[in-house]
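Here is a short briefing on a two-chain model. Please look at the fold of one chain first, then at the contact between the two.

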Amino acid sequence: MFANFIMPGAFGLPNWENMDDVQFFWLKVAVIVAFVLILSITLAFLILADRKIWAAAQMRRGPNVVGPFGLLQSFADLLKFVFKEIIIPAGSDKTLFILAPIISLTMAFLAWGVVPVAPGWVISDINIGVLYILAISSMGIYGIIIGGWASNSKYPFLGALRSAAQMVSYEVSIGFIIITVLLVAGSLNLTEIVMAQGHGFWNWHAFYLNSPQALLIAPVMFYMFILFFVSALAETNRPPFDLPEAESELVAGYQVEYSSTPYLLFMFAEYLNITLMCALITILFLGGWYAPLDIGVQFVPPIFWFVSKCAFVFFMFAMVKAIVPRYRYDQLMRLGWKVFLPTSLLAVMYVSAWVVFVGGNAAGGA
Amino acid sequence: MLPVLSFYLISSVAIAAAFMVVASRNPVHSVMFLILTFFSAAGLFVLMGAEFLALLLVMVYVGAVAVLFLFVVMMLDVDFSEMKRGFFSYFPMGGVVAVILLMELIVIGGSYFADSEVTPEPRADGLSNIEAFGNVLFTDYAFFFEASGLILLIAMIGAIVLTLRHRTGVRRQDITKQVSRTRKDGVELVEIESGAGTGE
């Protein structure tokens with residue numbers, strides 16, 4: 001598993017093959033620190049973009065005071081949160097109360113460990129990257145449950161229960177949707193999944209039109225793309241599925257008792273999970289770092305395509321937040337269990353039948 | 001060097017966490033330590049090169065089973081003093097069970113390590129974990145695999161049947177009925193002469 005780390009020569013670093021253990025270790029540490037820093041700074045601007053898009057949809061200006069066009073707003077917010085007092089409720093479980101946001105943020109960062117952002121630009125290119133992301137994202141629930149329980153208060157606890165039930169429900173359909181992509185791509189390695197979608201947008205899994213046989217599953221794959229997008233909204237507790245923190249009913253859900261830096265960590269983890277979902281949609285359905293057409297655009301670095309696709313998906317997330325009203329909780333559960341789960345399960349059966357009888361990329365597997 | 005260090009770190013965390021599952025006073029903390037134990041076990045699997053098993057352990061036990069444990073423990077109003085009171089009366093029985101389990105472990109582990117120098121190794125043909133599993137699971141053990149799936153399905157249906165109650169008077173939402181409803185079904189225009197009242 002550790003043999004296929006790849007990062008040969010990226011960022012002008014020496015090739016890992018002629019390094020000893022210690023050098024390799026420090027190289028990895030350096031890469032991880034760089035990843036975390038870049039992600040954090042990107043996130044600051046994504047939060048601003050989210051607010052700006054939301055404001056524009058409501059014909060407001062949004063944050064526009066701190067820095068030019070309000071560009072430094074997120075940094076101002078960061079300072080504000082960090083310098084406030086951390087309030088720990090008297091009846092709370094202090095250790096778990098502090099631990100919860102840390103778990104949330106750690107899990108959110110951990111999942112990025114296998115996400116390839118450009119050819120070779122990945123911290124760890126493990127051959128079961130998809131499973132790793134599923135495992136880590138299922139751990140992210142703990143931050144929310146523990147946070148809600150440790151607050152020793154009613155609204156946070158109700159919010160935590162809602163949130164956990166919601167995330168568990170939608171994880172199931174997300175798992176099935178990912179399986180359809182795995183079947184078509186023939187690999188669990190995220191880099192190989194992207195590699196299977198090169199040379200033109202008709203190879204992307206969202207619009208799978210690369211051969212006459214592919215027409216049989218192209219509509220299903222597009223439908224899976226839509227389903228994954230909606231499930232991702234539910235999985236990250238974004239509007240219209242932000243019931244765990246529905247202001248009108250639960251004040252702020254599991255975060256009610258949190259203030260200052262712990263709250264900041266929760267919010268940071270939430271946005272990090274959203275960007276992870278954007279990256280996953282890009283990798284699984286929109287061809288990762290590949291250009292829509294590979295004619296005459298070879299001079300554009302692959303990272304550009306990856307980032308712009310992610311930004312596009314994030315823009316869609318923000319637009320949904322601005323224009324779709326919130327679901328009711330029973331409707332959310334009905335949608336998850338009675339619509340998404342059966343249809344994605346049927347799609348898995350249909351796509352696997354297609355792989356076996358019609359062909360496709362099945363040779364890529366065992 | 002690094003793998004050896006990791007092994008001692010992870011296994012000592014696993015043992016300490018497993019001890020704390022039993023020793024900790026708060027049941028929620030116990031479940032948290034149980035999760036830490038599962039996680040450390042997954043780390044040990046990774047060190048042995050069984051990354052598929054490791055991630056499966058995290059997904060199934062940490063991601064699903066322990067969440068249910070946590071739910072149950074949080075929802076139940078457990079009286080700690082009541083639980084601690086029976087400790088010494090249950091101690092002899094529990095002790096006997098623990099000793100028997102320990103003996104069995106020693107016998108099995110002893111016979112395994114005594115007559116073999118075998119250490120688990122990744123396959124030489126470069127087949128990844130998941131491919132190796134798939135090759136065995138869907139050929140030699142296909143029947144057992146499907147039988148276990150069937151058993152789980154029956155258990156699930158059984159649980160649903162046991163808890164399903166048909167209550168009368170519950171008003172359910174029927175989305176198609178709501179959507180297909182028109183103005184004509186919902187609104188009735190009544191002409192009432194002024195001063196005549198509604199006839200009540």
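Chain B has nine helices and zero strands, counted as DSSP runs numbered from the N terminus (helices H or I, at least four residues; strands E, at least two). The model is predicted: local features need pLDDT of at least 70 and side-chain atom pairs pLDDT 80 or more, while totals for chains, interfaces and linings use all residues. Residues are numbered from 1 along each chain as its sequence is written, chains are lettered from A and ligands numbered from 1 in the order written, and side-chain values use heavy atoms, without hydrogens and water.

**Chain B**
- From the N terminus, the order of elements is α-α-α-α-α-α-α-α-α.
- Of its 200 residues, 18% are buried (under 20% relative accessible area, 1.4 Å probe, protein chains only).
- Contacts (heavy atoms within 4.5 Å) between residues at least 6 apart in sequence join residues at least 24 apart in 55% of cases.
- Its accessible surface is about 16,100 Å², with 69% on carbon and sulfur atoms (Shrake-Rupley method, 1.4 Å probe).

**Interface of chain A and chain B**
- 27 residues of chain A touch 27 residues of chain B.
- The two chains bury about 2,600 Å² between them, 78% of it on carbon and sulfur atoms; this is the accessible area (1.4 Å probe) lost on being put together, summed over both.

Technical notes
Buried < 20%, exposed > 50% of the residue type's maximum accessible area, 1.4 Å probe, protein only.
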